[in-house]
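Colleague: I've got the structure open and I'd like to know what stands behind the labels. Can you walk me through it?

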Amino acid sequence: MNAKELAGLIHKTLPESDFLSVDESKCEGCGDCVVVCPVFIWSVDAGKAVLPDDYRERCLECGACWQVCPREAIAFDFPESGTGIIVFYG
Amino acid sequence: MKRYDLIVVGGGPGGSVAAKTAAESGLETIVLERGVKPGEKNVSGTGLSPKCFRDFDFMREMDLPRMRVATMATLHCSDEENVEKLNFSFSPSARAPYPEAREFLTKNVYRSELDPWLAELAQKAGAEFRTSTRVSTVDRGEDGRITGVVTDSGEKIAGDLIIGADGVISTVARTSGIRERWDPGEVAMILNVDYGATRESIDRAIGGNALHYWYSSLFPVGYTFFSAEGFHAGLGNYVNWWKKSPHYYLKQMFELEGVQRQIDLCGGKPREFQNHMVTFLLDPKTTYGDSVMLVGDAAGFACPFEAEGVYYAMYSGMLAAKVALEAHAGGDTSASFLGRYEKAWRDSPIGEEFIGGDAIDGFVRGIGFNPDVGRWVVPLLNDAAYGLLNVAESHTASARNLVPTLTPYLPVLVETLVRDLMPLANKIAEPPPKKPSPKVERLLRRVLSPVLPFLARRAARAKKSAYGEVLSDVVMRDFVQTYVDEKAKEAGGAIR
């Protein structure tokens, strides 16, 4: 099983509102978030971190990108009540 | 509006034990859990330590369908070619200090079974339990004092005592001003793959040998932990450690023949991919504020040595609930009163885990989380074992080869021991024995004074050999110096 397939092996109830964002004025495009994310959400384009539209479907809500960012440019909070990742076998 | 004596944010083991303890003592308690079911947001290594069963009577009633009792743990060491070179196992000691510890190493469970069971105990004790309820912030009155919490639907829940049991990213800690986030060097990220398998196949392939650690120079130390009908395989390191995608390291681990064999023999099928963060702290720092106490991962109580979390969450939940009871009875929820919570956990098994502080941190960073050490530790251990046990030559010849074989490792071994291991050993060791009482000391001096000049001469002569130098320096110096000082003092006194 390759990394992409593995990263898709998750269960969730799709959150309706945003819970992750990047402040482009703070981001310096170091790519720490790109490296750390185990479900390949982040990329860097023109020196800034880019959050794709479908991140709510793929994010594990682990908070590692928010936690690792040296510029504190990423904002993270948990998705709304009763939605988001469901861990059946934690 | 209804006012609660205690609001517990988070329905994991810390929150449920806090709520159970508080409700049993008569506090009007509510637990707010953001998941649809308790435990559905939580990832664990799966192992409950014997401590959980020693310190909580109700745990002895625990009977979860997917539990596997681990009676043996195995450390596998592999080399730079990703080939397993040596392993060793251990099991509970007959001399372990209490019955559960003599019986098993861990009880491996799924959080999707453990957390709902604990939540039910809290409910039975009288706590109100609300799921699908995410707290977005603590609520403050006009004077700035905390008056409750606000959920993400805008509902206010009133109560001036809050236990934050809401995990490593704690909303209570963030919005009460205790902490926005951890330092990136304080928190690790653990990738975890859950495999499904049948009970029979795991019984046959693994049995009670249900905790496997994989030590390598190619990836940070990994694990395969087995429950009754499935297993977890994963690894982790500090969030700011990764140079390549975590999957690169995970793949290296999965390519190990030993890991493959376990998956094949158990017929394991990947069922779920998980990731979570866990703190590795020198010291837990701030764990309370006005109206707020933090427990479990929210407080940073994961064991700084191997990241065990459930026990510390349960224990701190219990302690925080007891302090909440006192605070409620005395009508004082100020930070200065809740400071007794910190005193309580520092005096408990939680505080004990952090006494090692910087020494444990040095060990974890220097050895545990440092794959580079595997480059020489694995060949060293194997050369030592091989040197003693091989049948390729006569045992006399092998024994003769042992010293020259191991000598090249000495510089790096000594360096690592001194830098990463000795500080830890010193911290763990009992405090140095107290000086003998003056009475005993006087007696010793009287008995020994006739022979001291002789001992001093022996020491001086012994110094000429290498081993004598160590002997005279370490053993004799203090003794002789004290004697010489004393004589000088006597003489000085006489002159004056």
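Modeller: Let's start with a pair of strands: β5 (residues 73–78) of chain B and β6(B) pair in the antiparallel sense over 6 bridges. One caveat is that this is a predicted model, where local features need pLDDT of at least 70 and side-chain atom pairs count only at pLDDT 80 or more, while totals for chains, interfaces and linings use all residues. As for names, residues are numbered from 1 along each chain as its sequence is written, and chains are lettered from A and ligands numbered from 1 in the order in which they are written.

Colleague: What makes β5(B) and β6(B) a pair?

Modeller: Two strands pair if DSSP finds at least two bridges between them, and here there are 6. A strand itself is a DSSP run of E, at least two residues, and a helix is a run of H or I, at least four, numbered from the N terminus. To see the pairing, look at A73(B), which stands opposite F90(B) in β6(B), and C77(B), which stands opposite L86(B). The hairpin has 5 residues between the strands, and N82(B) takes a positive phi near 65° there.

Colleague: Why are β6 and β17 of chain B called edge strands?

Modeller: The open sheet has 7 strands in the order β6-β5-β14-β15-β16-β13-β17, with mixed pairing. β6 (84–90) and β17 each have a single partner strand, so one side of each is left without a neighbour in the sheet.

Colleague: What packs on that sheet, and at what angle to β6(B)?

Modeller: α13(B) does, touching β5, β6 and β14 (211–215), with its direction at about 75° to that of β6(B). Touching is about contact: C-beta atoms, placed from the backbone, within 7 Å. The angle is between N-to-C directions, from 0 to 180 degrees, with axes fitted to C-alpha atoms, for helices over the stretch in contact.

Colleague: How do you know that the span of α13(B) agrees with its residue count?

Modeller: The expected span is 1.5 Å times one less than the number of residues. For the 19 residues of α13 (371–389) that gives 27 Å, and the end C-alpha atoms are 27 Å apart, which agrees. There's a bend of about 30° at V377(B), with P379(B), a proline, following within four residues. That bend is the angle between axes fitted to the seven residues ending there and the seven starting there.

Colleague: And what makes β9-β10-β11 of chain B a sheet?

Modeller: That is an open sheet of 3 strands with antiparallel pairing. Its edge strands, β9 (135–140) and β11 (156–158), each pair on one side only. Strand β10 (146–151) is joined to β11(B) by 3 bridges, against the required two. V149(B) has I157(B) as its bridge partner.

Colleague: How many residues of chain B are in contact with chain A?

Modeller: 42 residues of chain B are in contact with 28 of chain A. β17(B) gives the largest share of chain B's side, 8 residues.

Note on methods. Two residues are in contact if their C-beta atoms, placed from the backbone, lie within 7 Å.
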